[in-house]
Amino acid sequence: MQTNPTPLYTSLVAVGDSFTEGMSDRMSDGSYRGWADLLAARMAARTPDFRYANLAVRGKLIGQIVDEQVPVAASMGADVITLVGGLNDTLRPKCDMGRVRDLLTEAVERLAPSCRQLVLMRSPGRQGPVLDRFRPRMEELFECVDGLAAKHGALVVDLYGAPSLGDPRLWDVDRLHLTAEGHRRVAEAVWQRLGHPAEDTEWRTPMAATAPPGWIDRRVADVRFTREYLLPWIGRRLTGRSSGDGLPPKRPDLLPYEGPAA
């Protein structure tokens with residue numbers, strides 16, 4: 001039986017917010033790696049002169065992604081573009097989902113014709129009360145993603161439906177970003193969705209059960225989360241600031257990939 005050959009892609013551009021920037025997969029020098037860097041490393045290992053750009057900046061809303069990143073990505077002529085955006089909007093107290101859908105549509109309509117393969121995602125969500133509160137908005141966003149993918153020939157990586165990625169142990173202490181292991185699983189998911197042979201067939205499988213932390217440990221974690229992450233996040237929302245204000249893209253140019261191995 002003849003099988004389809006694995007597609008050969010020579011370049012990748014990643015567009016988005018903190019999820020694509022790589023927080024909280026922190027490296028020894030203080031920078032962030034993340035799933036997109038891991039994916040680029042794998043693709044570069046099988047493709048000579050592979051090029052990679054990552055335009056993502058933490059905290060960006062979908063309107064900022066459309067204004068600041070989409071035109072640049074569309075002009076690069078990359079084989080693959082990944083677009084993940086809109087989730088920051090859904091977490092805002094006031095969110096116009098109609099505008100979010102319109103902006104995401106604009107982004108897809110501009111990016112899909114500019115590359116060989118556009119990749120969209122249903123973003124992962126940590127189990128807990130925060131997700132439950134914003135779940136309707138998130139699922140409305142993901143319905144839009146599915147519809148746009150069907151219309152424009154994009155691939156969808158379903159991280160939201162992966163049991164493993166809901167596990168709080170795969171999320172950093174800020175409860176907003178994946179750990180290094182979480183990013184590794186996302187890279188595997190995108191790798192497979194692009195048609196590459198699986199390196200980890202169990203990326204969707206939940207981690208082995210462990211004893212839950214005790215009451216005191218949970219309260220200490222709650223206090224740390226509130227002091228170091230929740231209150232600053234609320235402060236930025238009230239003042240109209242973003243954690244990404246003034247930060248440049250991590251890899252602004254489509255250049256030969258050089259970085260840590262996957």
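Here are legends for a few close-up views of this predicted model.

Local features need pLDDT of at least 70 and side-chain atom pairs count only at pLDDT 80 or more, while totals for chains, interfaces and linings use all residues. Residues are numbered from 1 along each chain as its sequence is written, and side-chain values use heavy atoms, with hydrogens and water left out.

**View 1. The whole chain, before we zoom in.**
The protein chain comes to 8 helices and 6 strands. Helices (H or I, at least four residues) and strands (E, at least two) are DSSP runs, numbered from the N terminus. Follow the chain from the N terminus and the elements go β-α-α-β-α-β-α-α-β-α-β-α-α-β. Of the 262 residues, 48% are buried; buried means under 20% relative accessible area, exposed means over 50%, and partly exposed is in between (1.4 Å probe, protein chains only). Now look at contacts, meaning heavy atoms within 4.5 Å. Among those with a separation of 6 or more, 77% are between residues 24 or more positions apart.

Helix α5 takes in residues 97-111, so 15 residues in all, and spans 21 Å from first C-alpha to last. That is close to the expected 21 Å at 1.5 Å a residue, where the expected span is 1.5 Å times one less than the number of residues. Which residues of α5 are buried? They are M97, V100, L103, L104, A107, V108 and L111. These residues cover an arc of only 135° around the axis, which puts them on the same side of α5. The arc is taken from the directions from the helix axis to the C-beta atoms. Here's the handy background: an α-helix has 3.6 residues a turn, so residues three or four places apart point the same way.

**View 2. The cap on α5.**
Zoom in on the N-terminal end of α5 and you'll find D96 capping it. A side-chain oxygen of D96 lies 3.1 Å from the backbone nitrogen of G98.

**View 4**
R110 and E106 join side chains in a salt bridge (3.8 Å, N to O). The term means a side-chain nitrogen of Lys or Arg within 4 Å of a carboxyl oxygen of Asp or Glu. Both residues sit in helix α5, 4 residues apart, which is about one turn of the helix. R110 is partly exposed at 36% relative accessibility, and E106 is partly exposed too, at 33%.

**View 3. A salt bridge between two strands.**
How far apart are the closest N and O atoms of D158 and R122? They are 3.0 Å apart, and the two residues form a salt bridge. D158 is in strand β5 (residues 155-158) and R122 is in strand β4 (residues 117-122), so the pair ties together parts that are 36 residues apart in sequence. D158 is partly exposed at 31%, whereas R122 is buried at 17%.

The structure holds 16 salt bridges. One of them pairs the side chains of K60 and E68 (3.2 Å, N to O). Is K60 buried or exposed? With 8% relative accessibility, K60 is buried, while E68 is partly exposed at 42%.

**View 4. Two cysteines.**
C115 is buried, with a relative accessible area of 13%, and C144 is buried as well, at 12%. The structure has 0 disulfides, counted as pairs of cysteine sulfur atoms within 2.5 Å.

Methods. Polar contact = N/O pair within 3.5 Å; in protein donor to acceptor, adjacent residues only side chain to side chain.
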